Every structure is written in structure tokens, then in C-alpha cells.
Amino acid sequence: MPLITKHDALLLDLDGTVWAGGTAIPHAVEAINAAGVPAMYITNNASRSAESVAEMLRAIGLHTQPEEVLTSAHAAVRLAEQHLEPGDNVFVLGAQSFRDLVTAAGYNVVDSADDAPKVVLHGLNPDTGWRDLSEAALAIQRGAAYLASNLDTSLPSERGFLVGNGSMVAAITSATGVAPQSAGKPEPAMFLQAAQTAGSKRPLAVGDRLDTDIAGAVGAGIPALHVATGVSGPLALLEAPKSMRPTYVAEDMRALHADPEELKPGRQGGFGARIDGKDIILSHGNEGATSMQALRTVLEVAWLMPEPRSWSARIRTRRRLRPTAGGNRGERTKARGS
């Protein structure tokens with residue numbers, strides 16, 4: 001029975017999961033279209049409107065409407081309601097679509113700390129410069145509440161990882177000593193809101209980043225599939241605390257149509273794993289076994305440890321040898337923890 005049959009909606013991250021820089025990640029579009037359940041797209045990228053994101057998703061072959069897109073800008077405006085009354089001044093560090101959301105919510109967008117904004121809202125905008133950051137810092141020093149759409153330090157693109165909103169937030173925090181409250185992932189609110197919008201009782205969250213996508217799903221009590229197409233790799237999975245551990249681990253979105261039991265961390269592919277002092281020893285493996293099966297085998301052992309360990313990059317592999325008097329010696333890999 002495929003994994004997708006256990007769920008009635010998909011809560012999908014975008015960057016690193018569905019696309020990279022607007023280019024579809026291999027197998028993602030086909031897997032989503034074949035899922036047969038509603039898909040909600042949850043993104044920490046506040047630089048585009050829901051309408052723009054939906055149009056981009058349609059351009060790569062997905063059947064998406066704006067109401068199926070939830071950005072961290074939407075979540076930030078909702079968070080700002082705790083600090084504002086209709087008509088209050090708000091300083092927005094972000095794209096025009098973010099400013100439009102604030103205006104539509106009944107607030108007055110200003111461009112200067114001298115206008116005494118009650119809130120500074122900070123979302124990703126590639127055009128943000130020193131003057132913008134400095135004006136926001138002045139407003140915060142004068143008492144404005146500081147709220148961020150998200151704190152992702154990097155942004156995946158087809159060229160590599162770009163500077164994310166969290167890295168720009170760090171500049172203001174360094175100047176003011178004030179860390180913002182974040183509205184986006186890993187806060188669970190976006191996942192719960194998306195599930196409610198989809199009318200879902202059994203959603204599945206899918207993402208590539210443990211500290212946002214997976215942590216948010218875990219916090220919301222929603223099963224999560226981690227795909228190895230973006231930020232977090234095998235080492236991050238090995239070191240993940242319980243709050244960032246996915247239910248399922250896979251190469252890509254084709255996992256939606258795979259056996260869920262095979263996607264869970266556990267012994268598979270003929271591999272074996274055991275703890276040896278500060279090491280985890282991975283051995284054997286059937287002919288044709290995959291590296292993902294090896295990873296899931298090791299994860300089961302690593303996650304049974306009382307506390308997450310920091311694993312070094314020490315890995316040793318021995319090619320499969322011919323049988324000897326002592327028997328067949330299979331592949332052996334060692335990962336050392338500290």
C-alpha cells in the first residue's frame with residue numbers, strides 16, 4: 001500500500017522540495033500530480049505573493065490555485081495582529097506583495113522610523129539594502145515590535161544556496177540586540193492552518209530542511225517525509241534531535257508512491273548496524289542495496305541513543321571481498337561520534 005494512501009492531503013515545502021530556484025526538482029511534479037489528494041504549498045519565502053507562486057507552480061506542470069499557497073508573509077501579518085489596531089503604522093522590510101498584505105489587513109505601511117511604526121515586519125526581499133536595514137533598526141530601537149516572516153539562513157537556488165531572510169535578520173539583531181519573533185516554519189501554526197484550509201484530517205508534511213519543515217511538522221503532530229533534494233543531508237539526519245526527526249526518509253518525492261514501512265528508519269537492504277564505543281558500524285548489504293537503505297539502517301541505531309551525538313566525517317568502506325575460510329566479508333562503514 002503506497003504511503004500516499006494513508007493521508008488525505010499533502011503539506012508541501014517549495015524550495016528544495018518541489019523546485020530549486022523555480023526549476024522543478026526531478027520526479028516532484030509527477031509524484032504530486034499522481035497523488036490524488038489536495039496539495040497545500042507552505043513556504044517560508046515571503047518575497048512572492050500567493051498568486052505569483054501559484055502561477056510559477058502551474059508553469060512547471062502543477063494544478064495550483066492561489067488559495068492553495070500559504071506563505072510566511074501571511075503568517076507574519078496574522079502574528080502582527082497581536083500588536084496592532086486597525087490603521088496603525090507598520091514598517092515592512094519585504095517585497096511589494098508583503099506590503100500589499102499589510103495594507104489589505106487594514107494597517108498603514110510607512111517607510112521611516114520617524115513615522116513611529118508599532119511593528120517592524122521583516123521578510124525576504126532581494127532588493128533590501130543598508131538604508132532599509134538601518135531604518136528598521138532605528139524603529140526597533142524606538143520601541144517597535146520586531147517580527148520576521150521566517151529565519152531561514154539560506155535559500156536554495158539552481159546556482160546553490162543564497163542568503164536567506166535569517167541572515168539578513170541577523171544584521172538587525174546584531175545592531176539592536178533584539179531577536180525577532182518568527183511567524184514561519186518551524187512554528188506549527190502554518191501547518192495547522194494549511195491542514196485546516198485543505199479540510200484535512202490525515203495530512204502528510206514533505207520537506208527537505210530539518211530545522212524548519214520537519215521541526216514544524218513534528219511540533220504540529222503531523223507525520224513528515226524528508227526528501228534528500230535540498231538542504232539537510234545524511235549527517236544532519238544522524239545528529240537530529242527528536243524534535244527534528246521525520247517519520248519517513250527518502251531520496252525524492254517518488255516516495256509518496258512507495259511502501260511506507262520501507263521508508264521508515266530501520267534495518268533493510270541486508271545491512272546491519274551496531275554501536276561500537278563511539279562508533280556506529282554499518283556492515284554487509286545485499287547485492288543492489290542502496291545508500292538510502294544503508295542510511296535508514298544507521299538512523300534507527302543513531303536515534304535509539306539517549307542523546308543525539310555529533311558525528312565526524314570519518315567513514316571507511318571496504319569493497320565486497322571473495323569468500324574466504326572466514327566467510328564473506330561485506331561492505332563495512334564506520335561513522336564516529338564525539
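Ser-97 is found in helix 4, where helices (H or I, at least four residues) and strands (E, at least two) are DSSP runs numbered from the N terminus. The structure is a predicted model, in which local features need pLDDT of at least 70 and side-chain atom pairs count only at pLDDT 80 or more, while totals for chains, interfaces and linings use all residues. Residues are numbered from 1 along each chain as its sequence is written, and side-chain values use heavy atoms, with hydrogens and water left out.

With a relative accessible area of 17%, Ser-97 is buried; buried means under 20% relative accessible area, exposed over 50%, and partly exposed in between (1.4 Å probe, protein chains only). When neighbours within four places in sequence are left aside, Ser-97 is in contact with Ala-46, Ser-47, Arg-48 and Ser-49, contact being defined as heavy atoms within 4.5 Å.

Strand 8 and strand 9 (residues 145-148) pair in the parallel sense over four bridges, and His-122 stands opposite Ala-148 in strand 9.

Side chains of opposite charge can pair when their charged atoms come close. A search of the whole structure finds eight salt bridges, each being a side-chain nitrogen of Lys or Arg within 4 Å of a carboxyl oxygen of Asp or Glu. One of them joins Arg-99 and Asp-111, with the closest N and O atoms 3.0 Å apart. Because Arg-99 lies in helix 4 (residues 96-104) and Asp-111 in the loop between strand 7 (108-110) and strand 8 (119-122), the pair ties together parts that are twelve residues apart in sequence. Arg-99 counts as buried at 19% relative accessibility, whereas Asp-111, at 53%, counts as exposed.

Asp-13, Lys-185 and Asp-213 are linked in a network of salt bridges. The side chains of Asp-13 and Lys-185 meet at 2.9 Å, N to O. This pair links distant parts of the chain, 172 residues apart: Asp-13 is in the loop between strand 1 (9-12) and strand 2 (19-20), and Lys-185 is in the loop between strand 12 (181-182) and helix 7 (189-198). In the bridge between Asp-213 and Lys-185, the closest N and O atoms are 2.8 Å apart. Asp-213 lies in helix 8 (residues 210-220), so its pairing with Lys-185 ties together parts that are 28 residues apart in sequence. Both Asp-13 and Lys-185 are buried, Lys-185 with a relative accessible area of 2%. Asp-213 counts as buried at 4% relative accessibility.

In helix 7, the buried residues are Met-190, Phe-191, Gln-193, Ala-194 and Ala-195. These residues pack against several elements, including strand 1, strand 4 (39-43), helix 3 (72-80) and helix 8. Helix 7 is followed by Gly-199, whose phi is positive, near 65°.

Terms used
Two strands pair if DSSP finds at least two bridges between them.
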